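Please look over the sequence and the structure shown below, and keep both in view while reading. The paragraphs that follow go through the nonpolar cores and then a sheet.

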Amino acid sequence: MMTYDQTYDVIVVGAGHAGCEAALAAARMGCSTMLLTINLDAIALMSCNPSIGGLAKGHLVKEIDALGGEMAKNIDATGIQFRILNTKKGPAVRASRAQADKQLYRLRMKRVLEQQDNLHIKQGEVTSLFIVHGEARGVEIRSGIRYLSKTVVVTTGTFMRGLIHIGLNNYPGGRAGDQPSIGLSDQLRSIGFSVGRLKTGTPARLDIRTIDLTKLEPQWGDTPPQPFSFSTERITMPQVPCYIAYTNSRSHDIIRGGLDRSPLYSGVIEGIGPRYCPSIEDKVVRFPEKDRHQTFIEPEGLETVEVYPSGMSTSLPIDVQIEFYRSIVGLERVEIMRPAYAIEYDYVDPIQLFHSLETKVIANLYHGGQINGTSGYEEAAAQGLVAGINAALRVKGEEPLILGRSDAYIGVMIDDLVTLGTKEPYRMFTSRAEYRLLLREDNADLRLRDIGYRIGLISDADYGAFVDKRRLISCELERLCHTRLQHADAECSYLSGKGIAEIQKGTSLEQLLKRPEITYEDLAELDNVSRETSPVIREQVEIQIKYKGYIDRQLEQVEQAKKLESTKIPAMLDYGSIKSLTTEVREKLAVNRPGTLGQASRIPGVTPAAISILSIALKSASWKEQNA
């Protein structure tokens with residue numbers, strides 16, 4: 001085994017969406033960083049859907065951008081259709097989504113990585129970690145090289161002991177066309193990690209030239225397209241439509257007829273699949289009352305004929321796939337360019353992580369992405385960013401970055417993972433965030449930009465623009481509070497047309513905007529300054545004024561919760577000595593090892609009464625220490 005002649009600050013294993021963010025973060029924070037990947041040509045490859053964002057996922061992408069990550073900028077530069085989802089609902093659940101030119105997305109991210117200072121990119125399969133006295137000190141690759149480092153970030157995606165299934169045929173693979181990673185998960189298991197098995201899948205890729213688009217409903221994006229990144233001024237890529245199609249009763253009969261050769265239903269697949277992104281055979285079996293399922297035929301790029309039928313993942317045999325896809329109206333003559341498949345892979349139970357994403361078993365070792373049991377590019381990228389940041393902070397001797405549940409969706413996700421663990425692929429939803437009115441897409445920069453700048457991931461130019469934006473919002477809120485209606489004839493006539501017959505003398509523009517029937521656009525009709533205010537400032541001001549009561553209530557809840565979140569629990573606390581706790585609660589606390597009372601309160605089965613007992617015990621222990 002040859003030892004390489006350079007010691008890195010950070011080594012990142014895997015160059016998927018998590019690995020790219022981890023490597024860029026560490027390098028941009030001034031750490032010498034190496035990114036190792038099995039295939040240099042597959043960096044940031046979109047293995048499944050050719051899109052970024054979606055419900056709650058868009059929130060994660062905006063937060064990644066606010067902290068200084070790259071995903072939002074990359075999709076803005078390569079996106080070919082942008083849409084805001086849930087526009088008829090409140091601002092908390094509106095979400096951005098964009099189709100990507102799959103190859104351009106990959107190539108641009110690779111170029112960004114290659115041009116980044118402090119970052120070295122190499123091809124190699126990591127077979128084991130190099131561990132010294134319980135600390136990660138590097139990695140070893142199959143070709144016989146040991147690379148040394150101060151910290152290691154593992155972001156292996158679906159590659160650890162990956163096994164691809166098409167019907168009853170299966171073969172090793174990290175994804176179609178790539179070899180799996182063999183050896184690493186065996187080592188992790190041998191040194192004390194709880195390693196499990198998960199499953200995911202992807203639809204076939206179809207030839208759009210063999211689809212009759214005249215029989216399908218086109219769906220265009222928004223005009224003008226709205227960028228993801230707070231730094232992007234406008235989208236310059238050409239925009240294209242998706243197409244809507246539906247399965248039918250014949251499609252479902254074909255699927256049912258092939259279930260005896262489905263690895264999912266014949267017991268060949270052992271891993272647990274994603275609850276919220278089921279295969280088409282899962283949908284047909286679990287929802288027999290539905291006579292059709294919708295699919296969006298999504299383009300994979302501007303220069304390819306390949307398209308992606310979303311929601312149609314399957315592991316059925318290829319002959320059944322052909323018959324099934326051709327049963328859909330408009331797809332009667334469709335040709336499959338790449339078959340659908342399912343993939344099983346190893347993951348490590350995230351309950352064995354600290355909130356910094358450093359592992360509890362091995363020091364200086366961080367996990368990010370699907371190795372932690374999550375699904376989705378956005379979830380992976382967010383974890384990779386945090387893992388890379390904290391690996392760099394460890395090298396610098398600084399405290400880790402811990403985002404709370406009231407700070408970001410990233411904080412919600414990480415807290416869910418490390419507190420509860422997961423037995424199935426974890427997906428982010430707005431419903432997982434108890435403070436979701438505070439954690440909106442539109443205010444991600446207001447929540448996190450200062451943090452990104454402090455740790456060195458936001459440029460002076462971007463931060464200066466953000467500071468100006470924040471100042472303008474504050475000034476406009478103040479102005480609307482003190483600007484009064486004049487009760488001029490034009491004002492009264494306009495308001496009467498909006499159904500407001502009488503308005504009190506001295507009513508401020510802020511009070512007027514609080515009314516549900518009034519928008520900022522209406523203020524622009526009544527007030528010259530409002531007419532000149534930029535759309536970005538308008539949006540923030542309107543949301544903050546209209547939802548002020550609800551926002552203030554959530555802020556009060558956050559303050560109350562801080563008491564629990566700030567009460568730390570000693571890492572080696574002997575729960576067995578707290579006799580007032582039930583045996584079940586003592587066992588759960590001993591296994592989870594929560595860091596705070598707040599974290600303990602979110603463990604299933606740990607009751608409010610148990611938290612009170614634990615709180616008293618901690619105060620007693622503190623008193624004993626102070627008076628020892």
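**Nonpolar cores and a sheet**

In the largest nonpolar core, which has 77 residues, Y105, I389 and I410 touch the most other members; such a core is a set of buried Ala, Val, Leu, Ile, Met, Phe, Trp, Tyr and Cys residues joined through side-chain atoms within 4.5 Å, where buried means under 20% relative accessible area, with a 1.4 Å probe and protein chains only. Helix α9 (residues 377-396) gives this core its largest share, ten residues, helices being DSSP runs of H or I with at least four residues and strands being runs of E with at least two, numbered from the N terminus. Leaving aside residues up to four places away in sequence, I389 touches A25, M29, L401, I455 and L457, contact meaning heavy atoms within 4.5 Å. Another core, of 23 residues, lies apart from the largest one and includes M34, V126, Y147 and V348. In soluble globular proteins, nonpolar side chains tend to be buried together.

This is a predicted model, in which local features need pLDDT of at least 70 and side-chain atom pairs count only at pLDDT 80 or more, while totals for chains, interfaces and linings use all residues. Residues are numbered from 1 along each chain as its sequence is written, and side-chain values use heavy atoms, leaving out hydrogens and water.

Turning to the sheet, three strands form an open sheet in the order β3-β5-β4, with antiparallel pairing, and two strands pair if DSSP finds at least two bridges between them. Because β3 (51-53) and β4 (79-85) stand at the edges with a single partner strand each, one side of each is left without a neighbour in the sheet. Three bridges join β3 to the antiparallel strand β5 (residues 95-100), and S51 has Q99 in β5 as its bridge partner.

Notes
Buried means under 20% relative accessible area, exposed over 50%, partly exposed in between (1.4 Å probe, protein chains only).
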